[in-house]
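Welcome! Have a look at the sequence and the structure, and then let us go through some questions together.

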Amino acid sequence: MASPFSLLNLISLLVLLFVLGYTGESRDPFACDPKNSNTNDLSFCKASLPIAERVRDLIGRLTLEEKVGLLVDNAAAVPRLGMKGYEWWSEALHGVSNVGPGTRFGGEFPGATSFPQVITTAASFNASLWEAIGQVVSDEARAMYNGGTGGLTYWSPNVNIFRDPRWGRGQETPGEDPVLAGRYAASYVRGLQGADGNRLKVAACCKHFTAYDLDNWNGVDRFHFNAQVSKQDIEDTFDVPFRMCVKEGKVASVMCSYNQVNGVPTCADPNLLKKTVRAQWGLDGYIVSDCDSVGVFYSSQHYTSTPEEAAADAIKAGLDLDCGPFLGLHTQDAVKKGLLAEAHVNGALANILSVQMRLGMFDGEPSAQPYGNLGPRDVCSPAHQQLALEAATQGIVLLKNDGPSLPLSPKRHQNVAVIGPNSNVTATMIGNYAGIACGYTSPLQGIMRYAQTNYHMGCDKVACIDDMQIGPAIEAARQADATVLIMGLDQSIEAETVDRAGLLLPGHQQDLISKVAAASGGPTILVLMSGGPVDITFAKNDPRVSAILWAGYPGQAGGAAIADILFGSSNPGGKLPMTWYPQEYLRNLAMTNMAMRSSPSYPGRTYRFYKGPVVYPFGHGLTYTHFVHRVASAPKLVSVPVDGHRRTNNTNLGNKAIRVTHARCGKLSITIHVDVKNMGSRDGTHTVLVFSAPPAGGGNWAPQKQLVGFEKVHVPAQAQQQVQIKIHVCKLLSVVDKSGIRRIPMGEHSLHIGDDVKHSISLQAQALGIIKS
């Protein structure tokens, strides 16, 4: 038995370890090991020097062969300069993942917090939540790096536009709206990368640039697809999230995609990489290929005649790092053949090495650096797991609630039939690009905390290929106080390389739902797991299906979040980040048609341009209370300062759509204050969505409306809160013409605040300087 003195010392030691941080098994320095006397005096190892100077020094010491060995994700070691090999490819889409070879689980790090899939988190419309998730993920990533099991470069997030509802990877994205996707990108990236000036906590990567949203449809795959995209749609839709990610999120990397855009592979297009991403947007970081993209445009797309030409084209276009071996195999020969100058290789290396130095990889011992105290206790911590639960709760969307039937009552609904192939799933809840979760609460386990359950799958899998198990499910529903059907999709139906053929529920799911609802002795609640939208018109219109929840893929705590909402411990507040179309929408609609705008023979894409019938619209989401809006203050007239208009056109300024480049944009913003009142008896969290409709007569190229702002606010029952929404005129009230030029329409813009309030703002041009014609 320990003496009081020794016990006191033991406690003191434990406290000291907690304060000082992780002191267990840790990695050796990547480079510039203080114990290596051969490198201590080299300039690239001196943290006090500017990074650009350190990078120049290091590049000057490398041979061409050594340089080429650093251009691939599995970067080679340079032993003579004390540099270890490094695997660049790690993933952190919604938690640290082991999809990439740079991160592995085991030992002190058996798993990591697995947040909801991005499409679910996007439904929260909560930018502070997205940043908080990024902070947690980067804490866990740094902890795993310190422990020698993870990397520091994470190729996340995916900010492509969810253009077509069949896309298998739509689940990875923040949805169909470019501003929503851009806000998500900037927020999540800020959380991942930290706020320590130029130093990076981890390096994030926005992908896949650009117009990438088809995997494998009707014989066309992503490796061979040539996306024909107008300048208008590139500027107006596809590039918006990437621009916001770079300019506002300050992301350290952008990934180019497999596909071609207008006949040129994105990873070989200098207009996209050098001119747009680096020159116009100012990327401070590196550009990486999707895995083996360079090999794909050589061998599958036959864009170049030789592999050396492919390597040269990619690097000269602005590619810095190749996920795959191609550049490592062919770049040196490209230089020897005169297709590529060594200076081009040096430029790519400078971008790569700068990021590694900003990560502290050339600063010696990881444990002595910022974040060096993070360790196993910082992974799967109670606070992190609680945030995963909160994220799932905020992302779940209440689509229907007749009666209202929800929330259920633990007193009146003591026996609940839980039916469906997704009722007791675990891994399904974390979607794709996931790691190993800390632990799971399945929907069945969540419901069991509130009621006695009678569980029947109804189908073996979500494919639901036969109806053999429907009978027992019907009988269970008949005897229950309430029935919860947990149905939908999983990665066998929608995933990377798997685009859906249609929007209906698979197999016999509809039959199971309808028959169980008809027999149920109490309310029937349908809960759907899916990444993409599902045509559930039958359930929406069936009075026996009294309520519908969409949970997306809600992460490791998804079952607890679903149950908390079903029984009223939590009040739902999510809103759909994508349109739910009817199956008929897909009639004669090729997934390969990239046009966003409608035409007489084409329906158009997303809520911004599609005017036809929907199952549920973008932004739809109910709650257990009722909120009303009132504009407390907002301008009615805004002057837009305009430079450089010719005298002959000056008299027409009031009727024009002014080029953004002619306006003095700067801080030209409007601020609206909206009072949000909770009229119900329950506390609730509400998302204020603000859309703008441009002036009438803006041409059929303008969207019918577009999201310009959103804000999340918690409002107690019968209370009122005010939210402030700032709208940057040039960025958010502009539209893009057919030539791809962004313009600000003068005249009356109509702001739609929620479903109940409209406010008009008139934009008027104010000529500041006149150029004589």
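**Cysteines, a helix and confidence**

At 0% relative accessibility, Cys-245 counts as buried, where buried means under 20% relative accessible area, exposed over 50% and partly exposed in between (1.4 Å probe, protein chains only). This is a predicted model, in which local features need pLDDT of at least 70, side-chain atom pairs count only at pLDDT 80 or more, and totals for chains, interfaces and linings use all residues. Residues are numbered from 1 along each chain as its sequence is written, and side-chain values use heavy atoms, with hydrogens and water left out.

Q: Which cysteine forms a disulfide with Cys-245?
A: A disulfide is a pair of cysteine sulfur atoms within 2.5 Å. The sulfur of Cys-245, in helix H8, has a partner sulfur 1.9 Å away. That partner sits in strand E3 (residues 206-209), 39 residues apart in the chain; helices (H or I, at least four residues) and strands (E, at least two) are DSSP runs, numbered from the N terminus. The partner is Cys-206.

Q: Is the disulfide of Cys-380 and Cys-438 left-handed or right-handed?
A: The two sulfur atoms of Cys-380 and Cys-438 are 2.1 Å apart. The torsion about their S-S bond is about -90 degrees, so the disulfide is left-handed.

Q: How many residues of helix H7 (residues 231-238) are buried?
A: Among the buried residues of H7 are Gln-232, Ile-234 and Phe-238. The buried residues pack against several elements, including helix H6 (178-193) and helix H8 (240-247). Helix H7 is largely enclosed by the rest of the structure, because the number of its eight residues that are buried is six.

Q: Which residue has the backbone oxygen that the side chain of Asn-160 reaches at 3.5 Å?
A: Asn-160 is found in the loop between helix H5 (127-146) and H6, and counts as buried at 1% relative accessibility. Beyond four places in sequence, its contacts (heavy atoms within 4.5 Å) include Trp-167, His-208 and Phe-242. The backbone oxygen belongs to Tyr-212.

Q: What is the mean pLDDT of the protein?
A: pLDDT is the predictor's confidence in each residue, from 0 to 100. It stays under 50 over residues 1-23, and 94% of the residues reach 70 or more. The mean pLDDT is 94.

Notes: A polar contact is a pair of N or O atoms within 3.5 Å; within protein, one must be able to donate a hydrogen and the other to accept it, and residues adjacent in sequence count only if both atoms are side-chain atoms.
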